[in-house]
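Biologist: Could you walk me through this one? I would like to go from the overall picture to a few individual residues.

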Amino acid sequence: MSQMNSARFTDDPRSLLRSNLDELEQRINRACMRARRRRSEVRVLPVSKTVPAAIIRIASELGLCEFGENKVQEAESKVRDLADLSLNWSVIGHLQTNKVKSMVKFANEFHALDTLRLAEALQARLSAEGRHLNVFVQVNTSGEVSKYGLPPQEVEDFVLRLSDYPALVPRGLMTLAVLSGEADKVRECFKLLRGLRDALLDRTSTRLDLLSMGMTSDFEIAIEEGADVIRVGQAIFGPRPTKDRQYWPGLPLPTSALSA
Ligand SMILES: *Cc1c(COP(=O)(O)O)cnc(C)c1O
């Protein structure tokens, strides 16, 4: 990307958001064209972590109506501030079981399901509230040891077990590709997720068919590899001041930090 405008620290966030969205749309369209896919096949989930509620409000005036947040606590205050709008909220990051109750109050989609313990806790809470939750099963496609997500070989068993939790509506698989500048390595992660999804649809009766993959740095590759949902933050809202490590505590430390 040539440049990323920051929409956060400017007196005209509206026009910056608009131009970021225009540029994003062009990039998505070009990727769809390369992949011979229709634009309507790709859903953009705008990721608003670290973005203040006031900016999200402007984004909603520009037509965005769903947002992904990484942390429940951060999301809760925004949901409160924006309660007058009808927005859809997704939680896309690792969830501790003690946050389940809060999440179930506002989220209609969860992208990071990776343990049966969490499925159990969600089921209990959801049935108490008499509602359902759309879920994506997170898969560790990069092989990085401490990252969240199921190892690929455990996905099928896990998905079959989900029928024990009828309040969970399995929608698809989710992954974070390896954080690498090497497109081939990133692409391998997305291919792996797609292969798993295809195998699941072949071998089981699951309806879980969507692929949630791709973010600002790699969504074009994800679209080429079949992404149905791309989770895009910085290309819309500008670069994040916060290190992603804070949001992905499971990521391994760089080797320099280990040897220090
Ligand atoms: C932050 C985040 C994104 C979006 O990343 P950007 O670089 O802002 O596009 C996507 N998925 C997850 C799980 C995230 O935490």
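**A look around the chain**

Modeller: Let me begin with Arg-36, which is exposed, with a relative accessible area of 79%. Bear in mind throughout that this is a predicted model.

Biologist: Where does Arg-36 lie?

Modeller: Arg-36 is found in the loop that runs between helix 1 and strand 1 (43–46). Its phi is near 50°, which is a positive value in a residue other than glycine.

Biologist: Ok, stepping back, how many helices and strands does the protein chain have?

Modeller: The protein chain has 10 helices and eight strands. Of its 260 residues, 52% count as buried, and the accessible surface comes to about 12500 Å², with 48% of that belonging to carbon and sulfur atoms.

Biologist: And of the contacts between residues at least 6 apart in sequence, what share joins residues at least 24 apart?

Modeller: Among those contacts in the protein chain, 62% join residues at least 24 apart.

Biologist: Let's turn to helix packing. At what angle do the axes of helix 1 and helix 2 cross?

Modeller: The axes of helix 1 (residues 13–34) and helix 2 (residues 53–61) cross at roughly 55° and come within 10 Å. That angle is why helix 1 is described as oblique to helix 2. As for handedness, the crossing of helix 1 past helix 2 is right-handed.

Biologist: Which residues make that contact?

Modeller: On the side of helix 1 the contact is made by Pro-13, Arg-14 and Leu-17, while helix 2 contributes Ile-55, Ile-58, Ala-59 and Glu-61. By residue class, the contact of helix 1 with helix 2 divides into five nonpolar, no polar and two charged residues.

Biologist: Now His-111, buried or exposed?

Modeller: His-111 has 0% relative accessibility, and because the cut-off for buried is under 20%, it counts as buried. His-111 belongs to strand 4 (residues 107–113).

Biologist: Which residues is His-111 in contact with, leaving aside its neighbours within four places in sequence?

Modeller: With those neighbours set aside, His-111 is in contact with Leu-45, Ser-90, Val-91, Ile-92, Phe-136, Gln-138, Met-174, Ser-212, Val-229 and Arg-231.

Biologist: One last residue. Where is the place of Val-159?

Modeller: Val-159 is in helix 6 (residues 155–161), and this valine is buried, because its relative accessible area is 6% and the cut-off is under 20%.

Biologist: And what does Val-159 touch?

Modeller: Not counting residues up to four places away in sequence, Val-159 touches Val-137, Leu-200, Thr-206 and Leu-208. The C-alpha atoms of Val-159 and Gly-172, which are 13 residues apart along the chain, are separated by 9.8 Å.

Terms used
Residues are numbered from 1 along each chain as its sequence is written. This is a predicted model: local features need pLDDT of at least 70, side-chain atom pairs count only at pLDDT 80 or more; totals for chains, interfaces and linings use all residues. Side-chain values use heavy atoms; hydrogens and water are left out. Helices (H or I, at least four residues) and strands (E, at least two) are DSSP runs, numbered from the N terminus. Buried means under 20% relative accessible area, exposed over 50%, partly exposed in between (1.4 Å probe, protein chains only). Contact means heavy atoms within 4.5 Å. Axes are lines fitted to C-alpha atoms, for helices over the stretch in contact, and angles run from 0 to 180 degrees between N-to-C directions. Angles under 35 degrees count as roughly parallel, over 145 as roughly antiparallel, 65 to 115 as roughly perpendicular and the rest as oblique. A crossing is left-handed if the near helix is turned anticlockwise from the far one by less than a right angle, and right-handed if clockwise. Ala, Val, Leu, Ile, Met, Phe, Trp, Tyr, Cys and Pro count as nonpolar, Asp, Glu, Lys and Arg as charged, and the others, Gly among them, as polar. Accessible areas come from the Shrake-Rupley method with a 1.4 Å probe; for residues, only the protein chains shown count as cover.
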